[in-house]
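Q: I'm new to this one and want to learn how to read its features. Can we walk through it together?

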Amino acid sequence: MQATPPSTMPLLIPEVQNLELKQGVVVLPVSGTIAQYTDAASDSGCFLAQQLQRSLSEATGSAWNVSRGGRWKANIALLLDSTLPQGSYRLDISTACDVDAAGAQIRLCGSHIADLRDAVQTLRQLIAQYGSAVPCMHIEDSAAYAVRSYSLDVTRGRVPTMQWLHSWIDKLCLYKYNQLQLYVEHSTKIDGLSESWRGSSPLSSQDFIELDQYCAERGIDLVPSISTFGHHYMTLRTHSFRDLGEFPEQADRPFSFIERQEHHTININHPEAFALSCKLIDSYIDEIRSVYFNIGGDETFDLGKGRSREGGQSSDPAHMYAGYVERLCRYVQQHGHQAMLWGDIAVEMPEILDLLPPDVVVLNWLYSPDVTDDKVRLVAASGVRQYVCAAVHCWNSLLPHFDRAWLNISKLAAIGLKYHAEGFMVTDWGDYGHINDPRMSIPAMIYGAQEAWKPGAVDVETVDSRISVLEYGDLTGRVLADMKAAASSVSFAWENAIHLLELDDGRGGVNADVFQAVNAEGATIPIDIHRTPRVGDVRRAYLQSRLPQIAKAAACNGDLHEAQLGIICDTPHVAAVRGAIIQPWLVALDGQCLLNELGYCLAVNAGLIKQSSVADSDSSDASWHVETLPERLETWFESYSQSWKSLSRESELRRIADVVWQLADTIRIQRQEQS
């Protein structure tokens with residue numbers, strides 16, 4: 001008697017295009033064979049079959065055999081079928097044996113090896129859900145976007161370990177991403193640039209070669225994403241290269257997370273500028289097999305404002321930008337690669353689009369949750385190739401903002417499809433020291449996988465429920481709601497702490513550039529720094545601008561504790577599994593509670609909130625004691641440091657330590673002044 005199919009559809013991410021459940025269940029043997037019907041050139045080690053072999057072992061404990069071709073009796077067959085439409089695959093699970101596939105009851109067919117890879121990922125997810133008793137079904141599937149890319153920042157403070165990068169690539173593969181871009185400014189060991197990369201625990205050329213091979217086996221195209229024009233803050237602060245910057249006189253100013261995002265543009269009129277850009281390209285171009293090379297080119301804020309104006313050499317910024325980018329693109333093309341560049345400058349000065357060389361791909365990044373189609377339509381109308389690029393919305397913060405990420409990702413995916421964008425990218429940045437733990441980007445990464453494959457197919461509640469079950473083992477489907485509740489319980493964020501500290505120019509005055517940048521981010525500090533140049537007054541005004549949110553500290557901390565309890569209770573009751581899932585969240589939640597308390601205490605010390613309010617603000621938590629806050633911050637940092645080192649190299653962890661210690665000492669000094 002045949003078993004009946006399950007009453008509900010399988011949980012798959014991304015949602016497949018067509019799935020038909022059929023009568024019956026295929027019960028896989030304890031020891032079976034996976035036959036891969038592909039030529040050795042397309043997958044020399046039968047890696048796809050081995051992926052299934054490992055998934056079966058993890059789900060059932062079974063030890064399966066792998067073979068190539070049809071001479072072995074097979075239970076699972078992997079085939080290439082040129083009659084399938086390009087970019088598509090088919091998966092059949094049937095109780096009837098397929099005589100054309102060595103008797104296999106599970107048959108996966110792809111038009112090319114890349115499509116067969118996607119079929120394998122679907123079966124891996126089914127095995128994870130059903131183990132060795134898989135319901136019969138027929139799937140026909142293909143992706144909306146041919147290129148599904150993930151951009152990972154490995155330069156603004158955090159350089160991941162190779163072990164963690166491998167694990168992340170495995171996860172990208174499972175969710176059917178097929179491109180990874182590693183964004184680098186200075187954190188690679190390049191000959192002659194040690195002043196720039198020293199102290200960053202840099203990646204090496206061998207690391208890139210290894211990662212390229214690791215990605216290629218998993219059907220992922222590893223693309224270098226290198227700053228060759230802007231974002232040279234660390235390089236332009238060195239003694240050897242400062243003269244190449246638009247403002248070399250700023251090289252000795254104290255390090256600033258905010259200025260790192262603002263002042264970093266090469267003086268393109270300097271006679272050695274292009275040679276430096278080419279040296280950076282040369283350092284990566286032979287290490288990676290991808291046809292693509294991302295030259296960066298974003299946020300060149302200082303272009304034409306500094307040294308490049310001397311001697312009347314500069315023209316208008318649009319033509320300066322287009323001329324330099326054109327040279328860089330031609331250089332990349334001469335080496336047999338297709339150039340990519342970030343699109344922010346080109347869409348702000350659209351005449352640039354007409355000046356770009358043929359075949360350049362513009363990475364049109366648009367991160368607003370309320371994103372519109374204006375800039376995508378603009379690039380499409382110009383005829384320039386483009387990817388649309390959304391974001392995981394994790395930067396500048398201990399806790400991720402998944403609601404913003406979903407709105408941004410889902411809206412932009414639909415817009416990009418409407419205007420025939422070639423690819424969909426999700427970006428993961430680490431501004432302000434990369435305080436955010438990359439593991440906490442997983443849900444937003446999965447949002448991107450879903451929307452790049454089948455935009456608009458499922459609502460966010462459905463995706464959240466599937467992520468809760470498939471990624472976190474939460475059968476209640478609630479853990480994503482707990483995570484979102486935590487992110488909405490921030491009264492004083494990491495970025496607020498950075499703003500407050502860096503308003504000091506290092507000499508007791510106000511850093512005008514930081515003041516301007518903070519206001520541009522929406523703080524609107526109610527003060528004229530030209531009339532009131534004392535940093536203490538400006539910091540007080542900054543706290544005042546944030547006061548409505550700061551005053552919610554106790555309530556936010558109550559919500560954080562509730563969210564923490566939910567995450568603990570909803571994750572699997574298996575110690576090793578639960579620990580791996582909740583550890584980064586527990587550290588981040590504790591840190592955010594301390595930041596909320598810190599903002600409140602700073603407002604009290606500034607006379608903006610009455611001291612008695614602390615006791616009256618529904619805070620029965622015994623840990624809410626100002627006198628112990630500095631020590632609790634420093635103790636928390638030790639836990640954070642251990643968490644950091646579990647997946648990242650030392651890199652710039654010391655900069656985060658400096659911030660935490662400055663915050664702790666600020667409270668101590670204020671307490672001493674008041675006593």
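**Strands, a helix and cores**

A: Strands, at least two residues of DSSP type E, and helices, at least four of H or I, are numbered from the N terminus. This is a predicted model, where local features need pLDDT of at least 70, side-chain atom pairs count only at pLDDT 80 or more, and totals for chains, interfaces and linings use all residues. Residues are numbered from 1 along each chain as its sequence is written, and side-chain values use heavy atoms, leaving out hydrogens and water.

Q: How many bridges join strand 4 to strand 6?

A: Two strands pair if DSSP finds at least two bridges between them. Here strand 4 (residues 76-80) and strand 6 (residues 104-110) run parallel, joined by 5 bridges.

Q: In what order do the strands of the open sheet come?

A: The order is 1-7-5-6-4-2-3, with mixed pairing among the 7 strands. Strand 1 (18-27) and strand 3 (65-68) are the edges, each pairing on one side only.

Q: What is a nonpolar core, and which residues touch the most other members of the largest one?

A: A core is a set of buried (under 20% relative accessible area, 1.4 Å probe, protein chains only) Ala, Val, Leu, Ile, Met, Phe, Trp, Tyr and Cys residues joined through side-chain atoms within 4.5 Å. The largest has 172 residues, and Tyr150, Leu180, Leu399, Phe424, Tyr447 and Tyr640 touch the most other members. Helix 21 (residues 575-605) gives the most to this core: 15 residues. A second, separate core of 29 residues includes Val16, Ile106, Leu108 and Leu126.

Conventions: Buried < 20%, exposed > 50% of the residue type's maximum accessible area, 1.4 Å probe, protein only.
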